[in-house]
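Here are some notes to go with the model, written as numbered points.

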Amino acid sequence: MSPIQTLRVALRAILRNKLRAFLTTLGIVIGVGAVIAMMAIGAGAKQRVEEAFAAMGTNVLIVLPGSTSSSGVHGGFGSLPTLTWEDVTAIRTDVGTVKSVAPTLRSSMPVIGEVQNWTTSITGTSPEYFDIRSWPIALGVGITQPDVDGGTKVIVLGQTVVDKLYGPNANPVGQAVRVGSTPFQVVGVAGRKGQSATGQDYDDAAFIPYTTFARKVQGGLGKYLQGSIMVAATSSDTTSRAQQDITALLRDRHHLAVGDDDDFSIRNLSEIANAQQQGTDTMTTLLASVAAVSLLVGGIGIMNIMLVSVTERTREIGIRMAVGAEPHHILIQFLIEALSLAVAGGVIGVALGVGLAVWLAARFQWPTLIQPDVITVSVAFSALVGIVFGIYPARKASQLDPIDALRFE
Amino acid sequence: MDEGRVIELTDVTKVYRTGDVELRALDGVSINVEKGEFVAVMGSSGSGKSTLMNIVGCLDRPTTGAYVLAGRRVSGMSRSELARIRNQTLGFVFQQFNLLSRTTALENVELPLEYAGIPAKARRSRATRALDRVGLAQRLHHHPNQLSGGQQQRVAIARAIVNDPKVILADEPTGALDSRTSVDVMAIFQELWRSGITIVLVTHEAEVAAFASRVVIMRDGRVVSDRTQQAKRAEPAPEATL
């Protein structure tokens, strides 16, 4: 019997009981649909996290000063200034895996324009800052080295601050503002960067030279840096290496003995990104395994209905055997039938899953990402389910005794 | 071995065991059937004639004894080999017709050819010819439930002859038909017999056995009578050909 003929016989048998066939495949349909939709949503969420961290920079390290320790109570990292301005220079010049370094001093202060005022995060930093954060200047210029050297009173505004002080799409370059009581000149506007993964608005910020910040806000450029250091490694692959190198350098510079705790800490943003991704991965795996269970249940449904079908068609099996069907003909016929049910369920499930993912994406503005390999794997898996759960009924059919089968009423 | 011998049963027994009870359905049966014979096997129920039929039809295997069909030793063959023998050498006609429902007459007749691996086009033409031979050329695409009992049995006969078997085995082929239709069906068997096909037919009706050339009577798993006779000619009613 040719494969096409076998398939035709199987399809005809299935179509003889359309409702039953549909209900049988429903388990597979729901299972595959759920897998596709879950994986699409999971992949979308993962992509969103990746984008969020890419916006921060995957090769970025933040060096924070150490903690205070008085009477056994430890303050958090950054509570005690342990990083010196010389440390900044040393990291820049002595560590080969470091591309650029920017000190970041931060304080929340009101920026006062001619009409409006807006309290925002003021960052005192160096020209490298925008490079490290891959943050282009949209209008005017950024902070320059002469600004840092001279401690000039220039300011770069974030888009949100521009919106609040001047209205959307205004060009404030050349305008005068005050930060606290100190007058500054707006020299540039940073491009729109959007929100962080945690919903923080990156654009609600303003930037001035760190020398100016230290003098006007912190009362002078002392030995210690009252903030953190932002470091860009040469690439995202060398980030971990740079972290180790900086740790070694700073321990050496701070004369820490073996066994002493670090008096600083280094945050690796790519590690945080990895942790976030692992979280999404775990969630996706969990949802996918729930869906896989429903595929299993669908397989049991197919086995059940195939057993019923074999019993119902005992006489047909007997007739086929009498006219010359060999056991393997019968086996393949019922196996193809189970396989067709499972694959049909898988294909309908794919359509349902893709539809669901697209609908959810549109309805809730979730990011979804439909992966072709997930579709392939789901259909292949449902085919596997069909074979695994179809083999027992098919074997049972093929081993019927032709005489008993012919006599069966 | 005799060239013309189609069926050769030598001291065949078949024993069924249910718990401690032993039932000897066949108790040392030896029958030879020559090519071109029309044998009617008679006997009451429980005489062993159905068991004999199952063994001759390669649906069952003897407990002891030898069975040679068309020169091939069948006892000891595997299930697959038996299936191929049934497909190539035998044609079955049953009391209950045993056609596939919701399948056209043509497709029913094509079924043995499908398992024989005959290409679709050849299948179609051979099945059409077989149906033509039993007078159903006008009913190719009818389903069994659209056909009368006699017509259904003729489809079954067409299915039995479509793969050019050596022997046709008919198990009470007229058991579900009225007497008029029975004669029509027997006329077809006689026509096939005259064209050279060997026929073995199981019946409990003497009127049906009268159309055969040889009558074997069984009782309690043994052959009690085996004689040749002048076959009575079956005359189909003229209006009943279709």
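1. A word on terms before we start: two strands are said to pair if DSSP finds at least two bridges between them. With that in hand, look at β5(A) and strand β10 (residues 205-209) of chain A, which pair in the parallel sense over five bridges. Within this pairing, I122(A) stands opposite A206(A) in β10(A). Please keep in mind throughout that this is a predicted model.

2. The other pairing of β5(A) to look at is with β4(A). Strand β4 (residues 98-112) and strand β5 (residues 117-125) of chain A run antiparallel and are joined by eight bridges. A hairpin of four residues leads from β4(A) to β5(A). Here P110(A) is the residue opposite T119(A) in β5(A). So that the two pairings can be read side by side: β5(A) is antiparallel to β4(A) and parallel to β10(A).

3. Now for chain A as a whole. Its secondary structure comes to 13 helices and twelve strands. The radius of gyration is 34 Å, whereas a compact globule of 409 residues would have one near 22 Å. Along the principal axes, the C-alpha atoms of chain A fill a box of roughly 105 × 55 × 40 Å. Buried residues make up 40% of the 409 in this chain. Among contacts between residues at least 6 apart in sequence, 80% join residues at least 24 apart.

4. Where do the two chains meet? In total, 16 residues of chain A are in contact with 19 residues of chain B. On the side of chain A that touches chain B, the elements giving two or more residues are α1 (3-16), α10 (314-322), α11 (327-364) and α13 (402-407). The largest share of that side comes from α10(A), with four residues.

5. Chain B has an open sheet of four strands, in the order β2-β1-β4-β5, with antiparallel pairing. At its edges stand β2 (21-34) and β5 (72-73) of chain B, each with a single partner strand, so one side of each has no neighbour in the sheet. Strand β1 (residues 5-18) of chain B runs antiparallel to β2(B), and eleven bridges join them. Across this pair, Y16(B) stands opposite L23(B) in β2(B).

6. A six-stranded open sheet is also found in chain B, in the order β6-β7-β8-β3-β9-β10, and its pairing is mixed. The edge strands, each pairing on one side only, are β6 (90-93) and β10 (222-228) of chain B. From one strand to the next, the twist averages 15°. Strand β9 (residues 214-219) of chain B pairs with β10(B) in the antiparallel sense over six bridges. As a place to look, M218(B) has V223(B) in β10(B) as its bridge partner.

7. Helix α4 (residues 120-133) of chain B deserves a look of its own. Which residues of α4(B) are buried? They are R123(B), A127(B), A130(B) and L131(B). Seen down the helix axis, the buried residues of α4(B) fall within an arc of 95°, so they line one face. An α-helix has 3.6 residues a turn, so residues three or four places apart point the same way.

8. On the face turned away from the buried side are the exposed residues K121(B), A122(B) and S125(B). After the helix comes G135(B), with a positive phi near 80°.

9. Finally, two backbone angles to check. Most residues other than glycine have a negative phi. N169(A), although not a glycine, has a positive phi of about 65°. N169(A) sits in the loop between α6 (159-166) and β8 (176-179) of chain A. Is N169(A) buried or exposed? With 8 other C-beta atoms within 10 Å, N169(A) is exposed, the cut-off for that being 12 or fewer.

10. D164(B) is found in the loop between α5 and β7 (167-171) of chain B. D164(B) counts as exposed because it has 11 C-beta neighbours inside 10 Å.

Notes
Residues numbered from 1 in each chain as written. Chains lettered and ligands numbered in written order. Predicted model: local features only at pLDDT ≥ 70, side-chain atom pairs only at ≥ 80, totals over all residues. Rg over C-alpha atoms; globule rule 2.2 N^0.38 Å. Buried ≥ 20, exposed ≤ 12 C-beta atoms within 10 Å, placed from the backbone. Contact = placed C-beta atoms within 7 Å. Arc of directions from axis to C-beta. Axes fitted to C-alpha atoms, helices over the stretch in contact; angles between N-to-C directions.
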